[in-house]
Amino acid sequence: MIINTNVSSLQITGLFRKNNRALTNTYNQLSSGSRINSAADDAAGLQISTRLTSQINGMKVASRNANDSISMMQVAEGAMQQVTNNLQRMRDIALQAANATNTVVDKKSLNEEYLQLSEEIDRINEATTFGGQRLYESNRSSIPDQFEREMVRGLQSTWLGESEKIIEQYFGITGQGELKLDLERDADDGTLAWVTNATVGGVKRVTLTIDLAEFKDIDSIHNGLDNYGGTKLDEIVLHEMVHATMVSTMDEFNNLPAWFKEGAAEVLRGGDDQIAGNSGAAVLAAFNAQGTGTTVTNNLGAYGGGFVAMRYMEHTLGDRGLKTVMQELASGATFDNALNTASNGNWSNEADFRAELTGAANDTGTYASRMEEFMAEEMDSTNKDNGALGGEDANNGFTRENVMTGYGSGDRSGTRGFTETIILNDNDSDQTDFAVNSNWVDTNRGDIALQDYELDVTSAGGPLHTFQIGADANQTMQVNFGAFSTTTLGLDNVDIVNRSQFAIFAIDDALKIVDKHRAILGATQNRLESTVNNLNNVMENQISARSRILDTDYATKSAELARYQIMQQASISLMSQANQSQELALTLLG
């Protein structure tokens, strides 16, 4: 037995200290509710739980951000709803203004409401804010190409179909095959439209080109469409469609005299403007100077003289006679043979017709030639009638200031005879787009059927709004709210008083632009709802994972507390006994 070193007491003391530390740690965990109260408790667990805490806190903020973003988009979408409501009312007004029961005064009254609705759209675009932040951009350039839209909508809905109807009515022929429509920005040379053709591999190719460069700016498109140098564009289309129809059906077209080709087009559209201000002698001289050639050498002779010649031919043969001439040419006859058949041999060839027209008048005492006599007695280029077949001057019909009246079926089918093709968004100056001798078929070019032409809306401009919808950097979503002023929507040149049909087209395109962005906002809101749900799900599971690392298991720790307390009490009792055990050495000394 030794007394200097109480080994039993030392051993029990070590166990007591260890038990006391465990008991203290258990007290800390039970009192704080956390399993880790310092890095020493679980170094790796502390690191993992800290990272999880950052993610959880970030996701809470991201979820709030996403919900705030949804609220912002709901404000924007609500404004777009009101813009849509205004546009729908504006469309109703345009439709009402298009009805013949309304006088100009009535249309101007309707226009007052239309203008107020337009101003309200601009105000909504300027004044819509969220938390003081403006949502939409100020007025910017028009999204639709208004030149292209006006041209294509006119071609789709009225100009081509009505031209075909008129040509069929008076000439008895209908276009055949494919007609390619080319919108260009060629030189400003006064030529609004032209037809080119070629026969390649036995197949006829016909192109109708309209030169957008003739319209100097966006405001002049209406002047250009309504009146260009005294001639309306729809009349120009009718003129060129006569050429297109003739060339598509007649093998001899390129061999026809220029006065006949141009005169046939002018007699249908009304060519009084070609001879107005010119004497019969001047027209006769120009007609003789033009001669029998196939190309135009002087405008008055080919267009003005040709117009008078076709009016004379119709007056002499009747409308059935003109149909016979055209149908004979369409069946493959030469011009001379067609004239001979239609006149029952009175004109065996072009020379006979010209000799009669330019020869002596019936009233030789008053007129020098039959052409001058016919112009004076049967034609009037000073009244409102334009001189077209079927009108007041030619056939005692209705007074026609413009042959084209806006006839159309309302669809976008163009003509029944031709199949029309166009390049989507083609407004350049590349004259080889539809070159009849080359580049006719190009699979990479994007040719589409005229009836499939649609405004291609990709954006309505405006700033990008960036939303932080994740717990980490760059976890964002960008949304473009656009701009919805009347300028942006392409409505600043709409005229429901004088151009109600085109106003309807323009408003339809504006609705399409707004609907495009409403769809984007709606889809984005749904996406954000999904984002919030996903964030909540991830948060829930990450909080559960963090809880398993950090939180105290009270059932387990309570059992451990009881165990450590008993062990502590036992240690104290044993330590007391160990300290008393050395006193037994005194009994050895006694």
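Biologist: Before we start, which rings pair, and within what distance of their centres?

Modeller: Rings of Phe, Tyr and Trp pair if their centres lie within 6.5 Å, and for Trp the six-membered ring is used. The model we are discussing is predicted.

Biologist: Which residues form one aromatic cluster?

Modeller: One cluster is made up of Trp259, Phe260, Phe287, Tyr312, Phe335, Trp347, Phe353 and Phe374.

Biologist: And how many aromatic pairs does the count come to?

Modeller: The count is eleven aromatic pairs. One of them joins Tyr136 and Phe484, with 5.4 Å centre to centre and 90 degrees between the planes, an edge-to-face arrangement.

Biologist: Where do Tyr136 and Phe484 lie?

Modeller: Tyr136 is in the loop between β2 (133-134) and α4 (146-171), while Phe484 is in the loop between β9 (476-480) and α16 (500-550). The pair therefore ties together parts that are 348 residues apart in sequence.

Biologist: Are those two, Tyr136 and Phe484, buried or exposed?

Modeller: Tyr136 and Phe484 are both buried.

Biologist: New topic: charges. Which ring does the charged end of Arg354 sit over?

Modeller: The charged end of Arg354 sits over the ring of Phe287, 4.3 Å from its centre. Phe287 is one of the cluster residues.

Biologist: What about the charged end of Lys180?

Modeller: The charged end of Lys180 is placed over the ring of Trp440, 4.3 Å from the centre of that ring.

Key: Residues are numbered from 1 along each chain as its sequence is written. This is a predicted model: local features need pLDDT of at least 70, side-chain atom pairs count only at pLDDT 80 or more; totals for chains, interfaces and linings use all residues. Side-chain values use heavy atoms; hydrogens and water are left out. Rings of Phe, Tyr and Trp (its six-membered ring) pair if their centres lie within 6.5 Å; planes under 30 degrees apart count as stacked, over 60 as edge-to-face and the rest as tilted. Helices (H or I, at least four residues) and strands (E, at least two) are DSSP runs, numbered from the N terminus. Buried means under 20% relative accessible area, exposed over 50%, partly exposed in between (1.4 Å probe, protein chains only). A charge sits over a ring if NZ of Lys or CZ of Arg is within 6 Å of the ring centre and within 35 degrees of the ring normal.
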